[in-house]
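Visitor: I've got a structure up on the screen and I'd like a quick tour. Could you walk me through it?

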Amino acid sequence: MSALQNTVRADVQATQAYVVANATGMVKLDAMENPHELPLALREELAERLKHAALNRYPEPQMPALESALRQAFDIPEDAAVLFGNGSDELIDIVIRTCCMPGDVVLSPVPTFVMYAVSSQWAHARFVGVDFNADLSLNLPALLQAIDAHKPKVVFLAYPNNPTGVAMRKADIEAVIQAAPGLVVVDEAYEAFADESFMPDVLKHPNVLVLRTLSKLGLAGIRLGYAVASKDWISQIDKVRPPYNVNILTRIAAEFALRHHGVLDDQAARLRENRAKLSAALKRLAAPRKGMEVFDSHANFLLFRVPQAQQVFELLKNEGILIKYVGKMHPLLQDCLRVTVSTDAENQSFLTALEVALNQLS
Ligand code: PMP
């Protein structure tokens, strides 16, 4: 055995690396990005600010300007504390490492965002998934039973959920919070596209943290997530956060974009309209086709089921359209594909290629 084989954790060696598909030159509808950029005039103003960034210094430990821009842009309760992360991925990891000793349980309805399980594994926590119902709604009795049986340190509720787009009922979230002995993380990565948020209620319970990100709002490239909870929770989680985890360029860009959040809000509103149009078009394609079904979504993507989904995915890819095949992720997602809602033109390219692929396979 080599030094590497002797040294690298066996579960790391057995793991497939997280592969991000090469999307060069493709219509990229696989990663829930916002297709719109900031307007050129704003980007030029931002470039001017970035020019003055003190790249030779570590960033300041506190981020008052960024936090104040965030509080002005969003509905964060005044008494709640905020913690920033290098994307919400990092915050998921930090929360788990703050709460879990080896063997402790992290619990979530599944299928859901994979990083809850991945970060649990690297922290030696035990991830327990509780299946959604067949229609992808929350199985509340099963979830409550699992909470009772496993006493999880952390429960993750993606609200709305990825990759299904389903938003659970707020009353169900409350029931989970009441039942959970530990922390409940309400992950609102897709909040900009949803009808409701748990943010106004974050301090109404002693064990809730709301997680958000700027990624889906048009700033995926800068990697900024934030956690909102009581000062007590945040001050504990902050101890596990690596110092300087949010770099100076991200701070400047995020603060600038948040000061212009009206632009981002307008883009999200346009994407919500396009979601309705894309969903209606997909449902029209599904109507005469046996085995094709489209799920309603509260996020900036749509999940749909179609026979021979993997072949459909490949045919679209050959046509330069990249979506996500999620059929192997979980039995409930058999033959499912996920497509990000984009501009009218990109949505139309996708629909045209999809119709050709479906006709070819039928
Ligand atoms: N939560 C959910 C539910 C997600 O779908 C994603 C990204 N796909 C994230 C968190 C992570 O987002 P980011 O790290 O870009 O902030």
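Visitor: Let's begin in the sheet. Over how many bridges do S5 and S6 pair?

Guide: Keep in mind that this is a predicted model. S5 and S6 pair in the parallel sense. Within this pair, Phe-156 stands opposite Val-185 in S6. To get from S5 to S6, the chain passes through helix H8 (residues 170–179), and this β-α-β crossover is right-handed. As for the bridges between S5 and S6, the number is five.

Visitor: And which residue stands opposite Leu-107 in S5?

Guide: Here we need strand S3 (residues 105–110), which runs parallel to S5 and is joined to it by two bridges. Opposite Leu-107, you'll find Val-155.

Visitor: Is S5 largely enclosed or left open by the rest of the structure?

Guide: Take one face at a time: Val-154, Phe-156 and Ala-158 are buried on one side, and Val-155 and Leu-157 are buried on the other. That covers both faces of S5. Since five of the five residues of strand S5 (residues 154–158) are buried, the strand is largely enclosed.

Visitor: Let's zoom out. Which strands stand at the edges of the sheet?

Guide: Seven strands make up this open sheet, with mixed pairing, in the order S2-S8-S7-S6-S5-S3-S4. On average, neighbouring strands are turned by 25 degrees against each other, direction ignored. An edge strand here has a single partner strand, so one of its sides is left without a neighbour in the sheet. That describes S2 (81–85) and S4 (126–131).

Visitor: What about S6 and S7, which residue of S7 stands opposite Val-184?

Guide: Strand S6 (residues 183–187) pairs with strand S7 (residues 208–213) in the parallel sense, over four bridges. Opposite Val-184 stands Val-208.

Visitor: Now helix H12. Why are its buried residues on the same side?

Guide: The buried residues of H12 (residues 309–318) are Ala-309, Val-312, Phe-313 and Leu-316. An α-helix has 3.6 residues a turn, so residues three or four places apart point the same way. On the other side of H12, Gln-310 and Asn-318 are exposed.

Technical notes:
Residues are numbered from 1 along each chain as its sequence is written. This is a predicted model: local features need pLDDT of at least 70, side-chain atom pairs count only at pLDDT 80 or more; totals for chains, interfaces and linings use all residues. A residue is buried if 20 or more other C-beta atoms lie within 10 Å of its own, exposed if 12 or fewer, and partly exposed in between; C-beta atoms are placed from the backbone. Two strands pair if DSSP finds at least two bridges between them. Axes are lines fitted to C-alpha atoms, for helices over the stretch in contact, and angles run from 0 to 180 degrees between N-to-C directions. A crossover is right-handed if, with the strands pointing away from the viewer, the path from the first strand over the helix to the second runs clockwise.
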